[in-house]
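Subject: Structure handover

Hi there,

Here is the structure I promised you, with the sequence alongside. Could you open it and follow along while you read my notes below?

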Amino acid sequence: MLNKIICILIFITLCSGLNAKNTGLIFVSNEKTHDLTVIDSETLEVINSIPTSKRPRDMHFNQDRTLIYVACGDNDVIDIVDIEKQEVIGSLDTGPSPEAFMFSPDYNYIYVSNEEDSTLGVLDVNDNIIVETIPTGAEPEGVLATKSGKIVYVTSEVADMVHVVDAEGLFVTENIFVGTRPRRLAMTPDEKELWVSAELSGEMYIIDTSTYEVTDIINFLPPGFRPEDVTPVGFRINKEGTKAYVGLGRANHVGIVDVKSREVEDYILVGSRAWEVEFSKDENTLYVANGLSDDISIINLENNEVVKSIAVGRVPYKVLIDYIE
Amino acid sequence: MKFKIIYLILILIIPINFGFTKDLESVNIAYIEIENDSRYDPDVAYTRIQLKPTGRPFAGALVAYGESEKLFDILGKEIEISRFVVKDNEEILNKIKELVSQNTHFFIIDADSSFFKKIPEFDLKNIAIFNITEPDDSLRQENCDSRVFHTIPSYSMLSDALAQYLVFKNWKKILLLKGPYEEDTIIADSFINSSNKYGLDIIETKDFILSNDPRKREENNLALLTIGKKYDVIYLADSDGEFGRYLPYSTKNPNLVIGSTGLTAETWHWSFERHGAPQLNSRFADIDDSRRMSNFDWAAWAAVNTIFKSSMKSKSVDSKKIIDFFKSDKFGLDGFKGPRLSFRLWDNQMRQPILLSTHNALIYKTPIEGFLHEKNDLDTLGSDELETRCSFTNK
């Protein structure tokens, strides 16, 4: 009996050892050097670079945070990176030019925008097959699944639209016109609002998810820039749903928005062409990928100051943090 | 007997329409080009190399059609582009008149200056005619017409772009080499204006000819043409191309050549990597992969998108509403060159960045940072509001 208990305890210990790596490492995808830069979040030193397939862009962890899935646009695959081994161990086939993607809440499916095919692809992660391709307007990009997994939103950059996709039937139920060149999506924690960045009209669109009407439009104007320079792309809303942090593209700043009042509270100067932003676990730090200065900026959100800029590979796209639980 | 009466009644009530009038809930575009247009003759040089490789820009129009198709499906409206090939300028005018009576109000015309100068002669209203290939500045000045819109840049925009670059690099002393054709004089004059505007110094202008006659060596010998007073850069005005392609590396001194060869001012470039350009080039390859997307293709694409996107955003198929929309400040086309593009209301020219390029790379996108304008930096390229000689008489 005791032996059995010991065996079970050892088994449980071994199992928990297979859980999240908690490495505290920061991964940056670099479009032109075709690799991920690996940075230690304590020392802020670059410790490694992991070669991937060509043109790595969007990245997401798997459910237990042992692997990173990376969409590689020029090879039409999603590479699978083992965090512990720090190397690619496999890949999934996608449609042409995958850019952004998201896991379904049960992690069995990946919804991926195939940029050059004007489709949203649905991949079965376990069997590595494309289950469905849903036609969208030209150049689909941002993909977002709701917490229930019942709805997937995808933007079409050229059609200036957000498509609302029924995730069970896999068809488009609604099309919402937004600003010029809509790129990324995020929801408030209560999922009552869907926010969409419109890169070329320099705006953030806020959509009421019960009516799919556009209720607000936020404009940005950091000091020293003209409206046409403001090209918002990536942004995050914090866990409390109180603040949004928006990468303003060629306006080289991050804009901080008070979600409730829609007011832009502050602008922080970062590097060149600030696109994707990412929080640390405690949301006291923001990491910004600066695509055209080949570096990332690290911002202390307690005083809104840039702590450090770290040189990474060429044309960094996104920052992913394997924070310690 | 009964049957015959029924047929008679049917014939009377079914409208017979030989003109195929278009459905009123659709946006129709007519694309008209000229058969045997000499501008598209592949110039066969001695070595059988094409000097002006370019296909017909209708392919660019098709790319834009493909982008809009799904949208209009969703809106429950129709869109159509019809292509017509005619013999000459006169036939283009007749075709336009015919099509207007059949509910087509938008025309994309691939023709040269001689056609556009005829437009003020005719009377049609609520139509928009797009110039997609002719850079002649006079069409934006004294020969302008309120119904004509230009998506292709003018010569002055192209030479201003190169002039900005010369100022930026501080290569201010220029040798201007000019060929024998009328178009060469137009190109050279445009650069002279840009040079005055930007404070460059054309230290000498020399006329060249394409010839091997030793008696005329002062005009045809590349070494002789390029000695003399000191200069930084050679500006070449050579619309034909056969002379210019041998000029770089044959000059007396190691000077760069810009203008008609070397560093050229382009509307679009196949190797452009920013602002989503590769995606547009890729969609073009889906339509025609035998060649790369050219300046004219982009201009056709921009014209079609201007019309379809304005219809979409103004939620209308009415031609007046569509035209009013793309003349308003609500209109901004994503031209995949960075900023949103719109039309200058004083001469109907689409304002846009000009790409300074070599054969395989974009060297600089203009306007160059630092060249400022009171309202829109794109207006540092080309003819500005205060200096325009265009006055639209028939609004």
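In chain B, helix H11(B) lies across E1, E3, E4 and E5, running at about 60° to E3(B). Contact here means heavy atoms within 4.5 Å. Axes are lines fitted to C-alpha atoms, for helices over the stretch in contact, and angles run from 0 to 180 degrees between N-to-C directions. Helices (H or I, at least four residues) and strands (E, at least two) are DSSP runs, numbered from the N terminus.

Two notes on conventions before I go on. This is a predicted model, in which local features need pLDDT of at least 70 and side-chain atom pairs count only at pLDDT 80 or more, while totals for chains, interfaces and linings use all residues. Residues are numbered from 1 along each chain as its sequence is written, chains are lettered from A and ligands numbered from 1 in the order in which they are written, and side-chain values use heavy atoms, with hydrogens and water left out.

The sheet under H11(B)

The strands that H11(B) lies across, E1, E3, E4 and E5 of chain B, belong to an open sheet of five strands in the order E2-E1-E3-E4-E5, with parallel pairing. Two strands pair if DSSP finds at least two bridges between them. Strand E2 (78-86) and strand E5 (148-150) stand at the edges with a single partner strand each, so one side of each is left without a neighbour in the sheet. On average, and ignoring direction, neighbouring strands are turned by 25° against each other. Within this sheet, strand E3 (residues 106-110) and strand E4 (residues 128-131) of chain B are joined in the parallel sense over four bridges; there, Ile108(B) has Phe130(B) in E4(B) as its bridge partner. Helix H2 (residues 58-75) of chain B lies across strand E1 (26-34) and E2, and runs at about 165° to E2(B).

Helix pairs in chain B

H11(B) (residues 319-326) also packs against helix H10 (residues 295-314) of chain B, at an angle of about 100° and with the axes 9 Å apart. The two are therefore roughly perpendicular to each other (65 to 115 degrees; under 35 counts as roughly parallel, over 145 as roughly antiparallel and the rest as oblique). From H10(B), the residues Thr306(B), Ile307(B), Ser310(B), Ser311(B), Lys313(B) and Ser314(B) meet Lys321(B), Ile322(B), Phe325(B) and Phe326(B) of H11(B). This contact divides into four nonpolar, four polar and two charged residues. For those classes, Ala, Val, Leu, Ile, Met, Phe, Trp, Tyr, Cys and Pro count as nonpolar, Asp, Glu, Lys and Arg as charged, and the others, Gly among them, as polar.

How do helix H5 (residues 155-169) and helix H6 (residues 182-198) of chain B cross, and at what angle? Their axes come within 8 Å and cross at roughly 45°, and the helices are therefore oblique to each other. By class, the contact of H5(B) with H6(B) has eight nonpolar, five polar and three charged residues.

Not counting residues up to four places away in sequence, Ser159(B) touches Ser190(B), Phe191(B), Ser194(B) and Tyr235(B). Its C-alpha atom is 8.0 Å from that of Ile187(B), 28 residues apart along the chain.

A hairpin in chain A

Strand E12 (residues 140-145) of chain A is mostly covered, with six of its six residues buried. E12(A) pairs with strand E13 (residues 151-156) in the antiparallel sense over four bridges, and Ala145(A) has Val152(A) as its bridge partner. The two strands form a hairpin with five residues between them, and Gly149(A) in the turn has a positive phi of about 80°.

Backbone details to check

- Asp76(A), in the loop between strand E5 (67-72) and strand E6 (77-82) of chain A, has a positive phi near 55° although it is not glycine. It is partly exposed, at 29% relative accessible area.
- Asp294(A), in the loop between strand E25 (285-290) and strand E26 (295-300) of chain A, has a positive phi near 50°, and is likewise a residue other than glycine. Its relative accessibility is 27%, which counts as partly exposed.
- The peptide bond from Thr366(B) to Pro367(B) is cis, with omega near 5°. Pro367(B) lies in the segment after strand E14 (362-366) of chain B.

Best wishes

Definitions and conventions:
Buried means under 20% relative accessible area, exposed over 50%, partly exposed in between (1.4 Å probe, protein chains only).
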